[in-house]
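Have the sequence and the 3D view open as you read.

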Amino acid sequence: LAARSDPTQALFGIVQGGVFASLRRASAAFLAAHPFDGFAIGGLAVGDSRAEREEMTALAAELLPAERPRYLMGVGTPPDLLRAIGCGVDMFDCVMPTTMAWQGTAFTSTGRVRITRSINRTSDEPLDAACACSTCRTFSRAYLYHLMKCHEPLGPRLLTLHNLSHYLELMKEARAAIDAGSYAAFARARLEKIDRHEHAEARA
């Protein structure tokens, strides 16, 4: 804070402490006593379990000033984001939409889709029938399967465009639900559609 050279640029303090509640509390208390523009929650999604991540996110978010932005660093999947928003998190960054696309995985309205599975080899269906992105409007699952199997760079690029569009639309819908005072119901309904499917894909 003392070395800050640009007062127009937001400066965030980062809450650390791993999966230890006492360390998270101490870190949050120390940082909240200083005039940061916002606060980040760091050190998660690096080997911790999903349950630990959710517990530490909820704890840290509750301890931080509600009037300033709360930013969860390096997280995560659509279910991760929906649950963290419910805890009061405002901002995210993560490589998941692009990294998973280059591995052949798309996030959709029904959960993860691994486009390289043989079931997609002759499918004329769009990647996500509920999505209006250019990938879903223009290309079939079979074509995307072909691109990925041929190691054609266009394949992961098209999946990346879809994944980024999916995340942006999810956040748009989340903001609308918050404004309407119906976020809990919105998140519950979305998680019922995508969470079970996502874990089934992850185990396969």
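Residues are numbered from 1 along each chain as its sequence is written, and side-chain values use heavy atoms, with hydrogens and water left out.

The pLDDT is the predictor's confidence in each residue, on a scale from 0 to 100. The protein chain averages 93, and 96% of the residues score at least 70. Over residues 199–204, though, the pLDDT is below 50. That stretch has 8 contacts in the model beyond near neighbours in sequence, a contact being heavy atoms within 4.5 Å. Where pLDDT is low, the predicted coordinates should not be read in detail.

**The sheet**

Helices (H or I, at least four residues) and strands (E, at least two) are DSSP runs, numbered from the N terminus. Two strands pair if DSSP finds at least two bridges between them.

Here, 4 strands make an open sheet in the order E1-E2-E3-E4, with parallel pairing. Strand E1 (12–15) and strand E4 (91–93) sit at the edges with a single partner strand each, so one side of each has no neighbour in the sheet. From one strand to the next, the twist averages 25 degrees. Angles like this run from 0 to 180 degrees between N-to-C directions, using axes fitted to C-alpha atoms (for helices, over the stretch in contact).

Strand E3 (residues 70–73) is joined to E4 by 3 bridges, and Tyr71 stands opposite Met91 in E4. Helix H2 lies across E1, E2 and E3, at about 165 degrees to E2.

**The hairpin and the rings**

Strand E5 (residues 105–108) pairs with strand E6 (residues 111–114) in the antiparallel sense, over 4 bridges. A hairpin of 2 residues links E5 to E6, and Phe107 stands opposite Arg112 in E6.

How many aromatic pairs does the structure hold? There are 5. Rings of Phe, Tyr and Trp (its six-membered ring) pair if their centres lie within 6.5 Å; planes under 30 degrees apart count as stacked, over 60 as edge-to-face and the rest as tilted. Two of the pairs are shown here:

| Pair | Centre to centre | Between planes | Type |
|---|---|---|---|
| Phe36 and Phe39 | 6.0 Å | 70 degrees | edge-to-face |
| Phe107 and Tyr167 | 5.6 Å | 75 degrees | edge-to-face |

Phe107 lies in strand E5 and Tyr167 in helix H7 (residues 154–180), so their pair ties together parts that are 60 residues apart in sequence.

Buried means under 20% relative accessible area, exposed over 50%, and partly exposed in between (1.4 Å probe, protein chains only). Phe36 is buried at 12% and Phe39 at 0%. Phe107 is buried at 1%, and Tyr167 at 10%.

**Two loop residues**

Asp48 sits in the loop between strand E2 (38–41) and helix H2 (50–63). Is Asp48 buried or exposed? Its relative accessible area is 13%, so Asp48 counts as buried. A polar atom of its side chain lies 2.8 Å from the backbone nitrogen of Ala45 and 3.0 Å from that of Val46. Leaving aside neighbours within four places in sequence, Asp48 is in contact with Val19, Gly43 and Arg53.

Pro35 is in the loop between helix H1 (21–32) and E2. With 60% relative accessibility, Pro35 counts as exposed. Pro35 and Leu1 are 34 residues apart in sequence and 8.2 Å apart in space, C-alpha to C-alpha. Not counting residues up to four places away in sequence, Pro35 touches Leu1 and Arg68.

Conventions
Predicted model: local features only at pLDDT ≥ 70, side-chain atom pairs only at ≥ 80, totals over all residues. Polar contact = N/O pair within 3.5 Å; in protein donor to acceptor, adjacent residues only side chain to side chain.
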